[in-house]
Amino acid sequence: MSAPLKPLPAWADVALIPLVNVAAAFVISGFVVLAIGENPLAAVQSLVLGALGDLEGIGYTLFYATSFIFTGLSVAICFHAGLFNIGTEGQAYIGGLGAALVALHFGFLPGYTLAVAAIIGAAVFGAAFAAIPGYLQAYRDSHIVITTIMFNYIASAIMGYLLVNVLRKPGQMNAETTPFRDTALVPQFHEMLAHFGITWPVTPFNLSFLLALICCLAFWLLIWRTRLGYEIRTVGANPTAAVYGGISPARVTVITTLLSGALAGGVAANVILGDQHRLILEFVGGFGFVGIAVALMGRAHPVGIILAAILFGVLYQGGQALSIDMPKISRDMIVVIQGFVVLFAGALEHMFRRPVATLLARRTAQPPI
Amino acid sequence: MEWFDAFIVVFASGMRLAVPLILACLAGLWSERSGIVDIGLEGKILVGAFGSAAVATVTGSMWLGLLAGVAAAIVVSLIHGYASIDQRANQIVSGTAINMVAGGLTALIGNAIWSQGGRTPQLPAEAQFGAIKWPFVNEIGALPIVGPIYQHLISGHDIVTYIAFLLVPLTYWALYSTRFGLRLRAVGENPAAVDTAGISVRRLRYSAVVICGILVGLAGVYLALGQTGYFQPHMSAGRGFIALAALVFAKWRPWPALATCLLFGFLDALAIRLQGVELPVIGPVPVQAIEALPYILTVILLAGFIGKAIPPRASGIPYVKER
């Protein structure tokens, strides 16, 4: 076997390798575009223009990014505890149920406390739905990956049943609830700016974005500045050592999955309370899986997650413009890029380590002239 | 007798719905028994289905389609193998990536070529696998009890269905009665011991990954060329994950895998049959409850309430040879 690698310098580890990995994902995606018979550079131009070319595009980009920050954080917090939560999708979906139930039945709450209560409802339902796989992982030794996959489908079945048979607005064909009252809604930025006389194009970009940023800060404080965060990271690094340190991995597992489910509920705040203003079928639409790519790309750090979420926001919004400019490149391209990011930044993250290390070693070994 | 005939019809439909599950489940069994966890079955079914439908559309030959579908699934399997075996990747992450890339790429290419939103054109009947009629089907079919069983359950399926059912005893025999099978199971339990015996862990695991690709590719071929006659984006509709659930439910054993897949297929057929039916007492049947039953049963099993599902000991753990 080959000799063990020398450790890379810190800057290469933190910045260079992740960048190389993500670059590889985009280069391969470029080849896919080329194979379809379109110009990759023109595609990138169309994509970026669609996402960032005007205020409307930026609004939509940040609206998508908000959802991705929530799902990214949800997946990332589990990464820190050494858990792989594939269930963010289903937890966000059930979170929507919590938001809708509060918004529809707690109308007696004064003013915008209703919106706050609905957001809490989303977080609680998301957490409760994550609690079962978390408990089973912690105390019944069943693997969280398998159980959360199952729970995504169970969530889908529950919501399908409830929306079609129970929650549907009477006399309505579509499986959706009645619209929420105004005080249950998370205000959109264009409405708020209108109060100050600033006109901003109508986009679903709403205050949930600030909530997402607050969650990022709280995430950072929790993971790196509190005892619980230390326990989470210790369990993730070495559960056996954690036990010797007086930490209960089972307890930490349950708490982490609860937090993860609550963060997933943020998607409901953004999409249901901030945009749709009623509960609809399949509103999560794969955002939970984007969270996996975001968390891997952002290396489970809030700053990285914000950057990765905005990048995916650009891809989702720009992908729409791209599919109009180049009909051959449907929006499925975005899922392909997402997959390649997970492949190169996640599964094959060490593939470029050896070449990069060799390259760096050769450069530093050159004798001074 | 009427209920019996109705039962046979539902069971036969369940059998057909179980075919892709059986193939994908056996694929997962081979892979996971060698220590490679595979949650990318869903994506590989799609790749197999797309490859076979695309090539059958272009060439008009179902056999070339079958080869292409299986070959495409093997390629994707090898990517998972490379990540899991040589790169020692997190196998869950790799499987997730494969599901995303496969789901997106098949729809993207299908749309780029045929411009029907990712759907491939409907294949003519001669480019699909047709039902094989067994001898004297009409004569024996007229008999009571034995007749419907012979007519609907034994006769009248396509070649892939028979292959799928034959693969169960074949897998059982290969895993439990051959040297290769013994080694393969050993590598999933204790790769270091296999390595000590001078057998290549890497080669065994790669063989398992290729077998997995062949079987799961067939599952896709069946969906495209056996059941529907076209490819449609995301037509696997979660079957890869149901197969995964069946694998856990069957505790990674071939015969229970067959039984579980038949059960899940039967539940699926029942859900379709009971759509909109009003039952006495219960009222309209909550179809979603029946659809979710495979997942709920698997979670209950995983929770340890009905026996214990213990995966192969080394599954999911990359093997690092001692330096």
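1. The model is predicted; local features need pLDDT of at least 70 and side-chain atom pairs count only at pLDDT 80 or more, whereas totals for chains, interfaces and linings use all residues. Residues are numbered from 1 along each chain as its sequence is written, and chains are lettered from A and ligands numbered from 1 in the order in which they are written.

2. The buried residues of α8(A) are S208(A), A212(A), C215(A), C216(A), F219(A) and I223(A). Viewed down the axis of α8(A), these buried residues fall within an arc of 105 degrees, so they line one face of the helix; the arc is that of the directions from the helix axis to the C-beta atoms. An α-helix has 3.6 residues a turn, so residues three or four places apart point the same way.

3. The cover over the buried residues of α8(A) includes α3 (55-80), α9 (227-237), α11 (249-264), α12 (266-276) and α14 (302-325) of chain A. Chain A has 16 helices and zero strands, both being DSSP runs numbered from the N terminus (helices H or I, at least four residues; strands E, at least two).

4. Buried residues make up 52% of the 369 residues in chain A. The C-alpha trace of chain A spans about 80 × 55 × 40 Å along its principal axes. Of the contacts in chain A between residues at least 6 apart in sequence, 76% join residues at least 24 apart; a contact requires C-beta atoms, placed from the backbone, within 7 Å.

5. How many residues of chain B are in contact with chain A? There are 38, and they are in contact with 35 residues of chain A. The elements giving two or more residues to this side of chain B are α4 (91-114), α11 (239-249) and α13 (287-302) of chain B. Of these, α4(B) gives the most, with 14 residues.

6. The largest nonpolar core has 221 residues, such a core being a set of buried Ala, Val, Leu, Ile, Met, Phe, Trp, Tyr and Cys residues joined through C-beta atoms within 7 Å. A99(A), L273(A), V342(A), L23(B), C25(B), L215(B) and A246(B) touch the most other members. Helix α10 (residues 201-228) of chain B supplies the largest share of this core, 16 residues.

Technical notes. A residue is buried if 20 or more other C-beta atoms lie within 10 Å of its own, exposed if 12 or fewer, and partly exposed in between; C-beta atoms are placed from the backbone. Two residues are in contact if their C-beta atoms, placed from the backbone, lie within 7 Å.
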